[in-house]
Amino acid sequence: MSKNTLVDIKNLSVHFPVHGGVFSKRVATVKAVDGINFSIDRKQIVGMVGESGCGKTTVGRAMINILRHVAPDVEIGGSIEYHFGDEVVDFAALSSREIRKYRSRVQMIFQDPYASLNPRMTVAQIISEPLQLHTNMTKQEQTERVGWLLDKVGLQPEQARRYPHEFSGGQRQRVGIARALATNPDLIICDEPVSALDVSIQAQVINLMMDLQDEFDVSYLFIAHDLSVVEHISDKIAVMYLGDMAEYGNAQEVYHQPRHPYSKALLSAVPLPDPSRKNRKRIVLQGDVPTPLNKPSGCAFRTRCPIAQPACAESKPEFKEQAKDHFVACPIVE
Amino acid sequence: MPENQEISLSILKKRWLKFKTLKRGYYSFILLIILYTLSWFLPLLINNRALVLSYEGEMYFPVLSGYHTGAEFGQDVPGEAVYRQLQATWTEADNGNWIIMPVYPYSPYEDITAVGNKMYDPPSNTHWLGTDNTGRDVFARLCYAFNISISFALVLTILNYIIGVIIGGSMGYFGGKFDLFFQRIIEIWSSLPMLFVIIIISSIIRPSFFLLIFIYTIVNWIGMTYLMRAEFYREKSKDYVAAALSMGQTNFKVMFKHILPNSLVPVITYFPFAVVGGISALVGLDYLGFGMPPPTPSWGQMLDVGLQNISKWWMVFAPVSAQFVTLIMVVFIGEAVREAFDPKVYSRLR
Ligand SMILES: Nc1ncnc2c1ncn2[C@@H]1O[C@H](COP(=O)(O)OP(=O)(O)OP(=O)(O)O)[C@@H](O)[C@H]1O
Ligand code: SF4
Ligand SMILES: [Mg+2]
């Protein structure tokens with residue numbers, strides 16, 4: 001752990017109990033996240049990829065501690081240690097009341113720009129809400145800051161008095177970005193921020209986010225489906241599979257020399273414009289993703305792994321630093 | 001002001017503008033508001049006590065000051081002064097005394113014992129809708145009952161809404177054990193035969209306006225509670241709530257500043273129909289004799305005596321048409337509100 005570390009996640013697990021029957025007894029557990037380790041440095045962009053349902057959103061929401069309000073009985077294990085200056089704050093251990101004053105430091109940009117802005121509030125009200133909560137700005141200062149932020153995200157300050165339904169999807173997402181930046185956070189969790197947008201404006205929004213990252217010196221956890229985008233913008237890439245982290249390392253390394261069989265398969269599916277890799281073989285995975293309700297024993301990937309061995313069923317593979325800063329959860333490829 | 005600073009309309013404002021274009025509902029709304037506002041001033045409009053009178057150089061305001069004996073004004077009657085008679089004699093005598101009566105100088109309570117009143121008087125210039133079996137003026141009673149009916153329905157509905165929002169909202173928002181606990185309570189509650197409970201209670205305790213409200217609320221809170229529970233449950237999983245929580249907003253603020261304004265559609269569209277329910281509920285109880293204590297003017301009680309004297313057509317006609325007109329106006333409002341809020345569903349139904 002370097003002294004530049006912003007957040008250090010150790011052994012994070014998120015389990016949702018499933019209740020059933022007359023007495024609402026616990027009948028099963030969804031292991032949405034099952035003991036993952038990684039860290040994000042200051043001003044770093046970490047891309048997180050994986051199939052649908054592998055727990056990416058759950059990791060992001062655990063990191064800002066907002067899982068409990070939709071699932072009051074969720075079980076969160078491990079630690080999420082933020083290093084704010086000299087303070088070390090574990091979001092997994094504190095109550096939501098204790099976390100409240102640190103909330104300005106970690107913000108989120110949501111996938112669906114239609115659901116993430118309150119339709120009854122004007123853009124000015126939406127963006128000034130975090131300012132009211134975390135600063136002692138006067139009304140006048142807030143208005144100025146809102147105008148300034150709108151300008152930063154490429155909207156006109158005059159549009160502050162409008163309601164979200166008067167904006168396009170891309171413009172709404174810009175409002176969401178402005179809201180996330182309002183309090184100068186250290187980390188923004190971006191949960192597929194462009195996947196709900198038209199392809200034609202995805203690039204614009206991503207470029208904007210990159211410019212702002214530079215200007216605001218903020219770190220991103222960038223969750224996405226599209227590996228080529230993630231490779232392009234990230235410093236590090238984390239590959240998730242069924243609640244586990246398969247691989248974590250420098251973007252170039254993970255992208256060009258993936259080690260874990262799952263990462264290899266995932267990357268072989270990316271259409272590449274790069275001619276040097278044209279002759280790469282496409283690995284087609286067999287079978288469906290098992291459910292996190294009933295994970296395979298040992299390595300969760302073994303039911304689909306092309307190089308699986310009997311030993312893989314026995315114990316969960318260690319998430320090991322196989323090369324410098326390159327962690328892989330597969331002893332077979334070491 | 002910059003040119004492009006157009007006026008932005010919130011969704012609610014848009015809906016209000018749409019509501020205004022639906023003439024039938026809008027005019028019913030305006031008319032009902034005017035009538036209901038006027039009905040609070042009924043003692044100044046429909047009353048047997050004088051508004052102002054001047055007797056031997058001194059001014060009196062019987063409407064405000066209340067009881068004056070006839071002797072005070074040199075009238076030879078037992079008990080309270082009869083102002084209508086005073087007006088007649090003073091105008092004739094022209095002795096400097098004068099009196100101003102309300103527009104319609106009869107009270108809903110003055111019966112056969114008052115001078116000049118007759119039982120079963122058919123409609124005429126003096127008694128617009130005749131008198132009833134005890135000589136009370138039907139028109140006066142009708143108007144006072146209007147105020148009581150609407151007030152009852154409004155207070156009942158608003159109270160139910162407050163309880164519904166607080167309990168139902170918390171059930172939907174917090175979920176878990178709290179939700180389960182109240183769900184069981186509601187299940188038990190809704191299996192009680194409530195009409196009998198009401199009849200039993202009001203045959204033991206003498207009912208009053210607020211007791212009836214209380215009893216009906218105990219029965220009715222479940223409907224709105226379930227509605228709000230569903231609304232809050234649906235809204236709380238939306239990302240704008242997650243966003244508010246992630247910036248450190250308190251649960252209270254999230255519930256009332258963020259979720260509630262987004263849950264108002266069913267609340268508002270259901271409101272007129274809840275009012276219809278409230279009005280009808282009171283009529284029903286009054287008709288059965290378990291409602292407001294006599295001699296409170298009430299449509300249900302008027303209907304009851306009317307049906308007992310069915311040959312006196314005005315005694316049935318008056319309460320039936322008053323109810324009919326009121327209810328249909330409220331339904332028109334409800335219909336227009338619904339269309340203003342959800343034009344698509346509405347036009348599909350039509
Ligand atoms: N509140 C919850 N209760 C029960 N299970 C849940 C809950 N939230 C998420 N899950 C489960 O956790 C698993 C991970 O979900 P998550 O939304 O994190 O996946 P994801 O990687 O973000 O997928 P996508 O790419 O589709 O967004 C899924 O199997 C999901 O069904
Ligand atoms: S541990 Fe075994 S099953 Fe899992 S990825 Fe490695 S080889 Fe495949
Ligand atoms: Mg997701």
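**Helix pairs and pockets**

Modeller: Let's start with H3(A) and H4(A), which are roughly perpendicular to each other. Bear in mind that this is a predicted model.

Biologist: What makes H3(A) and H4(A) roughly perpendicular?

Modeller: The angle between helix H3 (residues 123-134) and helix H4 (residues 139-152) of chain A is about 115°. The label covers 65 to 115 degrees, so H3(A) and H4(A) count as roughly perpendicular. Their axes lie 9 Å apart, and the crossing is right-handed.

Biologist: How do you know which residues of H3(A) and H4(A) meet?

Modeller: Contact means heavy atoms within 4.5 Å. From H3(A), Val123(A), Ala124(A), Ile127(A), Ser128(A), Leu131(A) and Gln132(A) take part. Their partners in H4(A) are Gln142(A), Arg145(A), Val146(A), Leu149(A) and Leu150(A). Sorted by class, that contact has seven nonpolar, three polar and one charged residues.

Biologist: Over in chain B, why is H1(B) called roughly perpendicular to H2(B)?

Modeller: Here the packing angle is about 95°, and the axes are 5 Å apart. Anything from 65 to 115 degrees gets that name, so H1(B) is roughly perpendicular to H2(B). Trp16(B), Phe19(B), Lys20(B) and Thr21(B) of H1(B) touch Lys23(B), Gly25(B), Tyr26(B) and Phe29(B) of H2(B).

Biologist: Now the pockets. Which residues lie nearest the centre of the largest pocket?

Modeller: His19(A), Asp73(A), Gly175(B), Gly176(B) and Leu180(B), out of 20 lining residues. The space there is about 700 Å³.

Biologist: Which element gives the most to that lining?

Modeller: H7(B), with six residues. Strand S1 (5-20) of chain A and helix H9 (209-236) of chain B each supply at least two.

Biologist: What classes of residue line the second largest pocket?

Modeller: 18 nonpolar, one polar and one charged. Phe29(B), Ile33(B), Phe271(B), Pro272(B) and Ile333(B) lie nearest its centre. Phe, Ile and Pro count as nonpolar, so those five belong to the nonpolar class. The lining of the largest pocket has eight nonpolar, six polar and six charged residues. As for volume, the second largest pocket comes to about 530 Å³.

Conventions. Residues are numbered from 1 along each chain as its sequence is written. Chains are lettered from A and ligands numbered from 1 in the order in which they are written. This is a predicted model: local features need pLDDT of at least 70, side-chain atom pairs count only at pLDDT 80 or more; totals for chains, interfaces and linings use all residues. Side-chain values use heavy atoms; hydrogens and water are left out. Axes are lines fitted to C-alpha atoms, for helices over the stretch in contact, and angles run from 0 to 180 degrees between N-to-C directions. Helices (H or I, at least four residues) and strands (E, at least two) are DSSP runs, numbered from the N terminus. Angles under 35 degrees count as roughly parallel, over 145 as roughly antiparallel, 65 to 115 as roughly perpendicular and the rest as oblique. A crossing is left-handed if the near helix is turned anticlockwise from the far one by less than a right angle, and right-handed if clockwise. On a 1 Å grid over the protein atoms alone, a cavity is a set of points where a 1.4 Å probe fits but cannot get out, and a pocket is an open set with protein on both sides within 12 Å along at least five of seven lines; lining residues have an atom within 4 Å of a point. Grid points are joined across faces, edges and corners, and a volume is the space filled by probe spheres set on the points.
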